[in-house]
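Here are my notes on the model you sent. Please read them beside the coordinates.

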Amino acid sequence: RSLGSEMCIRDRVIALLKQADSQTAVTYHFIRKLCDSGCIKSIRAGKKILINYDELLAYLNLDIDEAC
């Protein structure tokens, strides 16, 4: 099932990334920093962070020079 542009809870995003690449170095802290800096779209819902999974994947595929 494709997630399209759905918003996912951070824990689910990490699980999906680990499933796709078990050796990934992406951490909760890194994703939170990307959300806080506005590099990827996110919505805070109480203590949870909802993340646009497609946008995170697009960000991770950027060259260093293109990143925000």
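**Notes on the fold**

1. From the N terminus on, the order of elements is β-α-α-β-β-α. That gives three helices and three strands in the chain. Both kinds are DSSP runs, numbered from the N terminus: helices are H or I with at least four residues, strands are E with at least two.

2. The model is predicted: local features need pLDDT of at least 70, side-chain atom pairs count only at pLDDT 80 or more, and totals for chains, interfaces and linings use all residues. Residues are numbered from 1 along each chain as its sequence is written, and side-chain values use heavy atoms, with hydrogens and water left out.

3. The three strands form an open sheet, ordered β1-β3-β2, with antiparallel pairing. Pairing requires at least two DSSP bridges between two strands. β1 (7–9) and β2 (42–45) are the edge strands, each pairing on one side only. Neighbouring strands are turned by 30° against each other on average, direction ignored.

4. Four bridges link β2 and β3 (residues 48–52) in the antiparallel sense. Ile43 stands opposite Leu50 in β3.

5. Helix α1 (residues 10–20) lies across β1 and β3, at about 90° to β1. Helix α3 (residues 53–60) also packs on the sheet; α3 touches β1 and β3, and its direction makes about 65° with that of β3. Axes are lines fitted to C-alpha atoms, for helices over the stretch in contact; angles run from 0 to 180 degrees between N-to-C directions. Contact means heavy atoms within 4.5 Å.

6. Of the chain's 68 residues, 28% count as buried (under 20% relative accessible area, 1.4 Å probe, protein chains only). Among contacts between residues at least 6 apart in sequence, 47% join residues at least 24 apart.

Conventions
Buried < 20%, exposed > 50% of the residue type's maximum accessible area, 1.4 Å probe, protein only.
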